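Q: I would like a close look at a single part of this structure, followed by an account of how other parts of the chain are arranged. Please keep to what can be read from the coordinates.

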Amino acid sequence: MSSVWSSPNPLLFGRGSAGETGAELRKLGCVKALVVYDAGVAAAGIADKVIAAIESAGIAVVRFDRVQADPPDWSVEEAGALGVAQGVDCVVGVGGGSSLDTAKAAKLLITNPPPLKQYYGREGVVTKPSVPLILLPTTAGTGSECTPGGVITDTERGIKTNIAGVGCSVTLGIVDPELTFGLPAGVTASTGMDALCHCIESYTSERANPFSAVAGREGIDLVAKYLVRACGNGSDAEAREGMMLASSLGGIAMSGALCHLSHDIGRSLGAKFHVPHGNGCAACLPQVLEAVAPVKTAEVRYFAERFGAALAPDASADEVGRAGYEAARGLMAEIGLPSMKRLGLDRAALLDAVPDEVVMQCQMAAKAGFVTSPIPVTRELIANIVARAYDEN
Ligand SMILES: [Fe+2]
């Protein structure tokens, strides 16, 4: 069977690279940019810094500063409509995953008429090419600057879904670690766990391949080395740069291999319970690693050993699974990541909603040819993982 090796768009990586945004737009022949960001990015002064770099290159700017968390369809349609009304010829997204996904959808809607819902799905959705899109992440987690699709909340069905295709493809990612220097420890922890989940899930995905494994393993190494440091000291430049690199590598790793159970559960926690994406994806990671260890023993072992596990050469799959579980739990405790219980979620409500939602989403993905979990996804499996994660983490 063939596998998908996805080598996404170019990246400009390095401290200070955000200052080159205007020059990069000029190279693309652009004269009027829709700049997409949220209130937090504005308050941190990052939006003004990027906009100044764009305007200094003689490019006019139209601001969309109303990005919503877990971007709902109506909000991204507003962004797209503003771009069309203002006649922009490029889109720039600045921020975390929600801002970057809103920018992707806005780009798509500039040449593909609304409603957005007609473009939901992964491969097989036909969209027209659109204007150039430059993305500048301000968190080290999403990897969205090098993935070919975005995640949108479908408010009619109350679920998170995907957009993809040439209509929302990224022209250039500008990855400037300096944009993350002011991030609080809680956001650093949550987004860093998102990056880690991208790396370990794509590495253990049913669609994993040698290309995604190289990126995933390197990302795991970097998170093991730098996440605790970045959480402990936000101005540790080397740690911030390492985490930014891990985030982009996670995006590259998952572009072809995709994520599985931790993200499937995390998406449901986000859509139904408004849990921040990184917290939601990490919420069940220890239990997921233990569950997949029997079929992904070498990969879970790699993960556990990077976080300090001492395993005998002939360790059994069960022992490896336990070590992966302990390694993930230890990291989450060290960075103070809140558990589902600490987030105030109701156990019964979770068990009522999440297993059915995850199974339904996985069945839909399987019908479209996307099987990512290395073990069969059943209601019982997900209920067991969620219940244990709630009680143990
Ligand atoms: Fe993610």
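At what angle do helix H14 (residues 347-367) and helix H15 (residues 379-392) pack, and how far apart are their axes?

A: The model is a predicted one. In it, helix H14 (residues 347-367) packs against helix H15 (residues 379-392) at an angle of about 145 degrees, and 9 Å lie between the two axes. The crossing of H14 past H15 is right-handed. On the H14 side, the contact is formed by Arg347, Leu350, Leu351, Val354, Pro355, Asp356, Val358 and Val359. H15 contributes Arg379, Ile382, Ala383, Val386, Ala387 and Tyr390. By residue class, the contact of H14 with H15 holds 11 nonpolar residues and three charged ones, with no polar residue.

Domain 1 and domain 2 each give 25 residues to the contact between them. On the side of domain 1 that touches domain 2, strand E1 (11-13) and strand E7 each provide at least two residues. The residues on that side of domain 1 comprise nine nonpolar, 11 polar and five charged.

Strand E7 (residues 159-163) also pairs with strand E6 (residues 150-154), in the antiparallel sense and over five bridges. Within this pairing, glycine 150 is placed opposite isoleucine 163 of E7. The two strands form a hairpin, with four residues between E6 and E7. In the turn, glycine 158 has a positive phi of about 65 degrees. Strand E6 is mostly covered, as four of its five residues are buried.

A further point of detail is glutamate 24, which is found in helix H1 (residues 21-27). Glutamate 24 counts as buried because it has 22 C-beta neighbours inside 10 Å, and the cut-off for that class is 20 or more. Apart from neighbours within four places in sequence, the contacts of glutamate 24 are with Leu12, Ile134, Leu172 and Ile174. For isoleucine 174, the separation along the chain from glutamate 24 is 150 residues, whereas their C-alpha atoms are 9.5 Å apart.

Note on methods
Residues numbered from 1 in each chain as written. Predicted model: local features only at pLDDT ≥ 70, side-chain atom pairs only at ≥ 80, totals over all residues. Buried ≥ 20, exposed ≤ 12 C-beta atoms within 10 Å, placed from the backbone. Pairing = 2+ DSSP bridges. Contact = placed C-beta atoms within 7 Å. Nonpolar A, V, L, I, M, F, W, Y, C, P; charged D, E, K, R; others polar. Axes fitted to C-alpha atoms, helices over the stretch in contact; angles between N-to-C directions. Left-handed = near helix turned anticlockwise from the far one by under 90°.
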